[in-house]
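Please examine the structure before reading on.

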Amino acid sequence: MKRFFMCAVLVIAVALTIPAFAKTVLKLGHIAEVSHPYAKGADHFAKLVGEKSGGEMEVQVFPSSQLGSQKDMTEGLIYGTIDMVLTGTADLGQFQPKMSLFDLPFLFKDRAHAYKALDTVGMELGKELEPRGLKLLGYMENGIRHLTNNVRPVKAPADMDGLKIRVMSNKIYIETIKSLGGSPTPMAFGELYSAMQQGTVDGQENPSAHIYTKRFFEVQKYASMTAHAYAPEPVLISMVTWSKLSDAQKAIIQEAATEAVAWQRELSTQQDNEYWDKIKATGKIEVIEVDRAPFMEATQPVWKEFAPTVGQDNIDKVLALGK
């Protein structure tokens, strides 16, 4: 009887040291501040995964470049050292050139056109990332990109002459700034504020959310509403990580991503105008409305140069969706 009692105690003690289930923890990184709309999208995705899995899966979000630059994190996905990343198509273009399609200047008529193209053509192109170790789950958004600088008001392409503009390490963005007469300067996003503060670059181009949450208005005098590009924010998971998940877990991740994308796009659209109101309210930066037609005309050579890279057929598909 004593031996039975001791065995029972031992079994209970061992059982208490073993968790009821082995929780699956995924690390997700991005470069935005926590108040940015796609940072909130990442947090919403993490919440949905936790709810849909009944707590058996957890997504830990690392904002503000904590896990490195966009390129570093994307490489981490390939090698399986990072599970998930929100990044830009401009970054993905370094790994799959066709993804740069969405970085062409003045490609979309409006947000509705962008969403339609990304959810069809964009998802098709995303399949070509998988052999490279990246699985695309959907597209959140960074927003609509505009120019800022601290030298002179930019109202026409001629005003861009000689301005040093920070760009991502993406050939389309580099050539876009060149076509407008500026001097493109590739630089990591995390270095941008100090570079503008110190005069290493004169300006940059980004959506309102980054201009406000990164406080670029403190080191810039002029913002020109060029709306020269729409910036998608792909949601990616490492194929190394994906291959380790059960079918049920994969379904949860995809379902949560799809719902989070829709939620984030709505939030981003709502907050875009709010951010511009906040930027203007600082009184630190002059916001300039521009005639976009001369900018569009000046950047047409960029389309011709990169059509062979991104595929003229893909360009045609996107344009047809805007009619």
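Lys 52 and Glu 255 join their side chains in a salt bridge, 2.7 Å from N to O; the term denotes a side-chain nitrogen of Lys or Arg within 4 Å of a carboxyl oxygen of Asp or Glu. Lys 52 belongs to helix α2 and Glu 255 to helix α10 (residues 247–281), so the pair ties together parts 203 residues apart in sequence. The model is predicted: local features need pLDDT of at least 70 and side-chain atom pairs 80 or more, while totals for chains, interfaces and linings use all residues. Residues are numbered from 1 along each chain as its sequence is written, and side-chain values use heavy atoms, without hydrogens and water.

**Exposure of the first pair**
- Lys 52 counts as partly exposed at 29% relative accessibility, and Glu 255 is also partly exposed, at 42%. (Buried means under 20% relative accessible area, exposed over 50%, and partly exposed in between, with a 1.4 Å probe and protein chains only.)

**Other salt bridges**
- Asp 272 pairs with Arg 111, their closest N and O atoms lying 3.7 Å apart.
- This pair links helix α10, which holds Asp 272, with helix α5 (residues 111–126), which holds Arg 111, across 161 residues.
- Asp 272 is buried at 12%, and Arg 111 is buried at 15%.
- Lys 214 forms a salt bridge with Glu 33, with 2.6 Å between the closest N and O atoms.
- Lys 214 is buried at 19% relative accessibility, whereas Glu 33 is partly exposed at 26%.

**Overall count**
- The salt bridges number 13 by this rule.

Conventions: Helix = DSSP H or I, 4+ residues; strand = E, 2+ residues; numbered from the N terminus.
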